[in-house]
Amino acid sequence: MISASLTKEFEAAVGKENVFTSEPERQAYSYDSAVLEPVTPALVVRPTNSEELGKVIALCNENNCPITVRGAGTNLSGGTIPDKRDGIVILTNGLNKILEINEEDLYAVVQPGVVTAQFAQEVAKRGLFYPPDPGSQAVSTIGGNVAENAGGLRGLKYGVTKDYVMGLDFFDVNGQLVKTGSRTVKCVTGYNLAGLMAASEGTLGVFNEIILKLTPPPAASKAMMAVFDDVNKASEAVASIIAAHVVPCTLEFMDQAALKHVEAYTKAGLPVEAAAILLIEVDGHPGQVADEAAVVEKCLSKAGATAVHVAKDAEEKFKLWEARRNALPALARAKPTTVLEDATVPRSQIPAMVAAINDIAKKYDLAIGTFGHAGDGNLHPTILCDRRDEKEFHRVEEAVDNIFDVALSLKGTLSGEHGIGMAKSKWMEKETSRATIDYSLNMKRAIDPNNILNPGKIIAG
Ligand SMILES: Cc1cc2nc3c(=O)[nH]c(=O)nc-3n(C[C@H](O)[C@H](O)[C@H](O)COP(=O)(O)OP(=O)(O)OC[C@H]3O[C@@H](n4cnc5c(N)ncnc54)[C@H](O)[C@@H]3O)c2cc1C
């Protein structure tokens, strides 16, 4: 319970209208997009400027109240589930201003609650390009993207969110503003704290302003869909495109189970009889696009694609990508519970990983639809189940363990982009080492001695 007097202090800091105390209001922030038990926060606070944000953090620390910062709550790893010890949720939707778009020096400065797609659209209006495009971009926030180091459909060629963070300032646990990086292309002033903050999941500080790199957009692009009657041929095609040293901006995979659900939901005209499809886009100078598309088409037919459809206009291209972006919501309609995993392997191991996921589905008698950023080695096996069925959910947990074991045995990683949060912290030592856990814990304790910055995330303790 947060005392009435402390609630009043929060109200004095951000205004009574920005402190939410009722049960239904608080419950709305008890869960996120991961399949985990919800925890209702003791209080929800919505600062609307930097000064208020700093005051709220200092108040939390002085009163030993655990903080969980929440952007859109779309993370898939339990990163915004509040702490059980009277956790306080800080919303960033009142910190949603684009402060600057500098067309000359190619950067922008934003508050953390800016919605990713809205930012990308504003940038595009100035003839510039912000490449990171998580599937959730219509609602996810830049703060959440940095804190998870979100990837997206263009990660293969353009990299992930951290590659666009030139600098940021963030509040430490005492509510003091820490600055790192700059508006310059190069900056080696001090430790690379921006790098440390990427994927820190709210456990080391709270972002206040973020400086993002912009680039000129590609002059041309070409998108295509390749159809396969054998899932292994599709995964081998991925490996062969990478081996041909072409870097498409996007190289996505969808197996038949995913295809059926996506087509039923989007009516995009996907070939539901196919064993798998690849969605591919190359971009750049028109000459380069033509050359690279030719190499890709050659790789596809050599790998055994039964058809390759090239999008003939922007509308067709949009339809293909909308279908892909809707993969998760489409699969999520099938059953009450959707467990989406994020295991990632070196790209040459995609065929082995896809085969292993199919074996695991059979072994545990589970419906698994797989899609993902195959060009990054980042697959999203999505288990469709019903959490209320205890026996089935036990099999789901075993299947997930198995998926991670295979990914690690293929020299992969637990998470390519969705973060560790609460959902995967138990596997951290398996991928890293005890020394890594201790090193990280020592750092966390030095930065946050009361353990109030999103406790229980990444490293359980
Ligand atoms: C349909 C769907 C598709 C998705 N597609 C992708 C994808 O393609 N690629 C991908 O990488 N992810 C994807 N995700 C996962 C998710 O959208 C990303 O992790 C995203 O970055 C989360 O942003 P958010 O604003 O929702 O953050 P939240 O979920 O609200 O928060 C995420 C983490 O960031 C922390 N945080 C938020 N704001 C701050 C701040 N100001 N300071 C410090 N910490 C902060 C939170 O405490 C939490 O730990 C998808 C999710 C869904 C539901």
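A backbone N or O atom of Glu201 lies 3.2 Å from an oxygen atom of the ligand, a polar contact in the sense of a pair of N or O atoms within 3.5 Å. The model is predicted, with local features needing pLDDT of at least 70 and side-chain atom pairs counting only at pLDDT 80 or more, while totals for chains, interfaces and linings use all residues. Residues are numbered from 1 along each chain as its sequence is written, and side-chain values use heavy atoms, with hydrogens and water left out.

**The ligand and its surroundings**

- Strand E3 (67-70), H5 and E9 are the elements that give two or more residues to the shell around the ligand, and H5 provides the largest share, five residues; helices (H or I, at least four residues) and strands (E, at least two) are DSSP runs, numbered from the N terminus.
- The ligand is surrounded by 35 residues, the closest being Val69, Gly71, Thr74, Ser136 and Thr141, where a residue counts if one of its heavy atoms lies within 4 Å.

**Helix H4**

- In helix H4 (residues 116-125), the buried residues are Thr116, Ala117, Phe119, Ala120 and Val123, where buried means under 20% relative accessible area, exposed over 50%, and partly exposed in between (1.4 Å probe, protein chains only).
- Seen down the axis of H4, these buried residues fall within an arc of 160°, so they line one face of the helix; the arc is that of the directions from the helix axis to the C-beta atoms.
- The cover over the buried residues of H4 includes strand E5 (98-102), strand E6 (107-110), helix H5 (142-148) and strand E9 (206-213), with contact meaning heavy atoms within 4.5 Å.

**Residues with a positive phi**

- Most residues other than glycine have a negative phi.
- Ala199, which is not a glycine, has a positive phi of about 70° and lies in the loop between helix H7 (193-197) and E9.
- Asn454, in the segment after helix H16 (434-447), has a positive phi near 40° and is buried, with a relative accessible area of 2%.

Definitions and conventions:
Polar contact = N/O pair within 3.5 Å; in protein donor to acceptor, adjacent residues only side chain to side chain.
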